[in-house]
Amino acid sequence: MSDAADTPVLSARGLRKEYGKGEGLVRAVDGVDLDIGAGETVAITGPSGCGKSTLLHLLGGLDRPSGGEVSLNGRRIDDISEKALSRMRRTDVGYVFQSFHLMEELTAVENVELSALLAGRSPRAARRRAEELLDRLGLAGRSRFLPSALSGGQRQRVAVARALSNEPLVVLADEPTGNLDSAATLDVLQLFKDLHESGQTLVIVTHDARIAATTDRTFTMRDGALVDETWPSGGTTGRLGALAGLED
Amino acid sequence: MGRILLVVRLALRDLRRRRTEAVLLLIAILTATTTLTLALVLRDAAGDPYESTRAVTKGPDVVANVQSTGLDHLDQLATASGVTQHSGPYPVIAGKLIAGKLFAGKIEASGRTSDAQVEGRDATVASVDQPEVTKGGWVSDGGVVVEAAFADSLDVGVGDSVVLNGRSFEVVGVAVTAAMPPYPGGSCIVSAGCVNGAIPDDRDLPPGLLHNPGLVWLTQADVRSLASDGGSLSYVMNLKLADPDEAQAFVDRNGGEHGGVMSMRTWQSILADATELAQDSQILLLIGAWLLGLLAVASLSVLVGGRMADQTRRVGLLKAVGATPGLVAAVLLAQYLLVALVAAGAGLTIGALTAPLLTESSAGLVGSAGTASLTWSTIGLVTAVALGVAVVATAVPAVRAARSSTVSALADAARPPRRTGWLIAVSARLPVPLLLASRVAARRPRRVALGVVSIAVTVSGLYVLLVLNAFLGDQPSTGAYTEAQVAVLRQVLLVWTVILLSLAAVNAIVITWATVLDNRHASALARALGATPREVSGALAAAQVLPALLGAVLGVFPGGWALFAAIVTITGGDSDKATLPALWQLTVMVLAAVLVVAALTSVPAYLGGRRPVTETLSASRS
Ligand SMILES: Nc1ncnc2c1ncn2[C@@H]1O[C@H](COP(=O)(O)OP(=O)(O)OP(=O)(O)O)[C@@H](O)[C@H]1O
Ligand SMILES: [Mg+2]
């Protein structure tokens with residue numbers, strides 16, 4: 001499961017993103033080459049401001065690159081129309097944000113079914129899928145709660161459920177545990193581990209060494225470029241065993 | 001000093017930070033102050049001219065007139081109890097006036113012809129009813145003085161010539177009087193009798209009857225020389241009473257004894273006739289001002305409400321860095337004061353500049369050069385209203401600032417959106433743009449209600465305008481108003497429409513803008529989840545257009561219908577005379593309202609749907 005498949009699900013070539021110009025030019029992403037295979041879980045770490053979020057936005061088609069290419073499942077997405085990009089985000093990509101970004105006035109299940117509704121699923125199918133996902137993520141009893149009545153970890157699980165609701169090719173998570181305490185972090189870690197085991201392709205931006213340790217590969221970013229790539233040995237299970245020690 | 005500078009700087013920064021909103025706020029307060037100024041200026045202009053004319057012309061309390069045979073009755077009346085002063089009796093004849101020169105026995109220019117009442121006066125100043133000359137001089141032999149509104153209508157001025165009963169006279173003056181309502185509403189002081197108003201085409205006037213006679217003054221000698229014989233003369237006398245309020249009682253007491261040969265009018269009845277039109281247009285303006293006031297309130301509450309929510313967080317920030325509640329309040333107050341003062345100044349200026357457009361034409365009708373001008377009370381009231389808005393807008397966040405803890409103010413998410421469960425459930429069944437639109441609406445039900453009300457008020461206003469316009473179109477053939485009066489009322493309606501439509505447009509933009517700002521995060525999130533920019537802009541626009549449709553329909557019924565009924569009740573009018581708008585007109589109006597709202601909201605909605613997703617998502621919660 002730790003092996004990359006032949007055609008990468010997500011690949012980037014010479015990817016660049018610049019902000020400002022002249023003196024104020026910021027090279028947020030500066031020539032990134034990357035291939036992520038199906039079922040692979042990848043972590044991206046690095047100091048604050050090195051361009052991790054920007055890279056993730058480019059990979060998921062939330063933002064357009066200044067140069068270079070991004071392909072999803074072998075199809076270029078850096079030069080397609082805004083509409084096609086929207087359709088791609090709707091079906092092929094799921095996002096998880098550091099600050100959850102749930103709609104405050106919608107209940108957990110309504111938040112989860114939203115992306116399915118946007119993708120044109122029937123209300124009934126969308127609801128069934130949402131309930132199922134919440135169930136799987138251990139939130140069955142909380143599906144009618146508003147986000148304000150949920151804990152941070154529960155909110156992030158709702159956000160993950162929403163990201164999964166259209167069965168995306170890849171889930172992109174930007175500091176998914178950044179806003180959580182250690183107990184809630186473990187909760188989400190377990191969730192990502194399960195996702196990994198079920199074959200979901202995952203890209204996680206994180207500061208958390210514990211998350212990085214559970215992935216197939218970890219990239220380190222500095223000043224917009226990938227400077228290091230490590231292949232944690234021993235697979236994921238061993239690392240999770242070590243993780244359990246952290247609970248003490 | 002440093003503290004004041006800090007307050008001013010923070011206030012200016014805050015205004016600049018949300019520039020579009022500041023401009024919209026300015027426009028909303030500006031429209032309110034302009035409307036208020038207009039209404040106040042016109043109120044003064046409508047009420048005053050007769051009063052001031054009465055004062056400067058030593059206007060009579062009672063005017064009495066008799067046929068030539070009743071001259072002795074006037075002599076008795078002059079000595080009746082309660083009379084303090086009198087002028088006259090003056091001779092009056094009925095005449096035919098042609099504006100133009102008599103040249104070798106023929107009228108040179110084909111001028112307008114009109115019936116006239118020709119009153120003979122002394123060259124000396126009378127103690128009661130001395131008409132105030134506004135141009136030229138007073139009567140002299142061979143010279144005629146023409147009543148101002150009559151002169152206006154004939155388009156004659158000092159130096160022109162007129163032909164009266166076949167004899168040429170030079171116009172030596174134009175004057176106003178309080179003894180008779182201005183042309184064409186003049187009362188009858190000749191024995192021949194008069195009719196006023198338009199005459200239906202199918203009716204013939206009895207011969208000799210004067211139709212819409214104007215008033216001119218000659219010397220007594222000239223009047224007598226124009227009269228074919230003494231019997232064709234009538235006489236008029238002006239009386240001053242000890243107690244002007246007793247005029248009607250005086251008439252009741254002294255009228256009967258003269259066997260109907262004498263007729264009398266009180267100054268109150270002249271006042272009522274003189275200001276009838278001014279009152280009609282004032283009622284129209286007043287109702288207009290109410291509608292506009294409602295619209296202004298709607299847009300102000302959206303704007304101020306939106307800003308207040310935003311400011312709660314800012315208050316927290318300021319307090320977190322050590323600002324006292326007093327300083328925070330001062331910063332908030334300073335912003336609104338700035339905007340309110342600018343708006344009050346501009347509103348007063350615009351109102352004062354536009355008001356004369358409405359009063360100039362009615363000045364001739366009320367018979368005095370009643371110029372609309374700003375009074376101190378108007379300036380005070382308008383400024384007070386603008387400042388009131390500023391204070392109210394400041395009070396809520398300032399009080400909250402003083403009360404709430406810094407932490408909770410910081411944590412306060414702008415204004416938590418409402419949850420309308422059933423609407424969320426129902427909208428799941430709708431296509432994506434409508435799904436998003438109904439959720440946009442559900443987040444802020446009060447704002448949607450304001451949008452509906454705003455359009456409903458506008459459409460009711462337009463409904464009434466349609467009715468009134470059709471009514472005026474039917475004049476003068478039905479006889480209630482003459483052409484000149486119709487023109488004035490039309491002008492009033494036009495001003496009304498222009499202000500109403502501009503304010504409604506401002507409202508639509510304000511509400512959409514507030515919605516766009518408010519939904520920035522939700523829109524960005526929807527796009528991150530795969531909604532297209534078009535779906536998102538479509539949703540923002542639909543969230544305005546659908547309430548607009550509802551508002552437009554409500555504006556026709558019951559809105560416009562009820563408003564018209566109210567106007568009819570207030571003015572004591574007869575609604576049978578009115579033609580209600582046809583179904584096609586109403587349909588066109590509703591569709592037009594919806595289309596205009598769609599057009600006005602499309603730009604902000606488009607911009608709202610296009611905002612970069614990542615910027616918005618990373619900016620929120622910062
Ligand atoms: N909209 C923008 N305009 C200008 N510069 C930007 C913009 N967004 C990001 N940057 C700059 O790009 C660089 C990378 O930002 P990015 O958010 O990707 O960093 P990051 O690695 O995610 O940081 P962190 O770990 O703190 O979240 C930063 O230097 C940032 O200042
Ligand atoms: Mg980041």
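Helices, as named in these legends, are DSSP runs of H or I with at least four residues, numbered from the N terminus. Every view shows a predicted model.

View 1. The side chain of R54(B) reaches the side chain of D61(B) in a polar contact of 2.9 Å. Leaving aside residues up to four places away in sequence, R54(B) touches G59(B), P60(B) and D61(B), together with A178(B), K240(B), P244(B) and W267(B).

**View 2. Positive phi at K58(B), in the loop between α2 and β1 of chain B.** The loop that holds K58(B) lies between α2 (19-56) and β1 (62-67) of chain B. K58(B) is not a glycine, yet its phi is positive, near 50 degrees. Most residues other than glycine have a negative phi. The relative accessibility of K58(B) is 33%, so this residue counts as partly exposed.

**View 3. Positive phi at D223(A), in the loop between β9 and β10 of chain A.** D223(A) is found in chain A, in the loop that lies between β9 (217-222) and β10 (225-230). For this residue, which is other than glycine, phi takes a positive value near 50 degrees. D223(A) counts as exposed because its relative accessible area of 63% is over 50%.

**View 4. The cis peptide bond between F557(B) and P558(B).** The peptide bond that joins F557(B) to P558(B) is cis, with an omega of about 5 degrees. Most peptide bonds, by contrast, are trans. P558(B) is found in helix α17 of chain B, a helix that covers residues 533-571.

**View 5. A nonpolar surface patch on chain B.** I4(B), V8(B), L12(B) and L338(B) make a nonpolar surface patch of about 340 Å². Helix α1 of chain B, residues 2-17, gives the most to this patch, with 3 residues. L338(B), which also belongs to the patch, has its place in helix α9 of chain B, residues 325-366. With a relative accessible area of 42%, L338(B) is partly exposed.

**View 6. The interface between chain A and chain B.** Here 27 residues of chain A are in contact with 29 residues of chain B. The area buried between chain A and chain B is about 2,600 Å², and carbon and sulfur atoms give 64% of this area. Of the area that chain A buries against chain B, H101(A), E105(A) and L118(A) supply 26%, more than any other three residues.

**View 7. Polar and charged pairs between chain A and chain B, with the helices of chain A that face them.** Between chain A and chain B there are 4 salt bridges, and 8 residue pairs are in polar contact, both residues being at pLDDT 80 or more. One of the salt bridges pairs E535(B) with R90(A), and their closest N and O atoms are 3.3 Å apart. On the side of chain A that touches chain B, α2 (82-92) and α3 (108-118) of chain A each supply at least two residues. The largest share of that side, 6 residues, comes from α2(A).

Key
Residues numbered from 1 in each chain as written. Chains lettered and ligands numbered in written order. Predicted model: local features only at pLDDT ≥ 70, side-chain atom pairs only at ≥ 80, totals over all residues. Heavy atoms only, no water. Buried < 20%, exposed > 50% of the residue type's maximum accessible area, 1.4 Å probe, protein only. Polar contact = N/O pair within 3.5 Å; in protein donor to acceptor, adjacent residues only side chain to side chain. Contact = heavy atoms within 4.5 Å. Patch = residues over 30% accessible without salt bridge, like charges linked within 9 Å, V, L, I, M, F, W, Y side chains within 5 Å. Areas by Shrake-Rupley, 256 points an atom, 1.4 Å probe, with all protein chains shown as cover. Salt bridge = Lys/Arg side-chain N within 4 Å of Asp/Glu carboxyl O. Buried area = accessible area lost by both parts, 1.4 Å probe.
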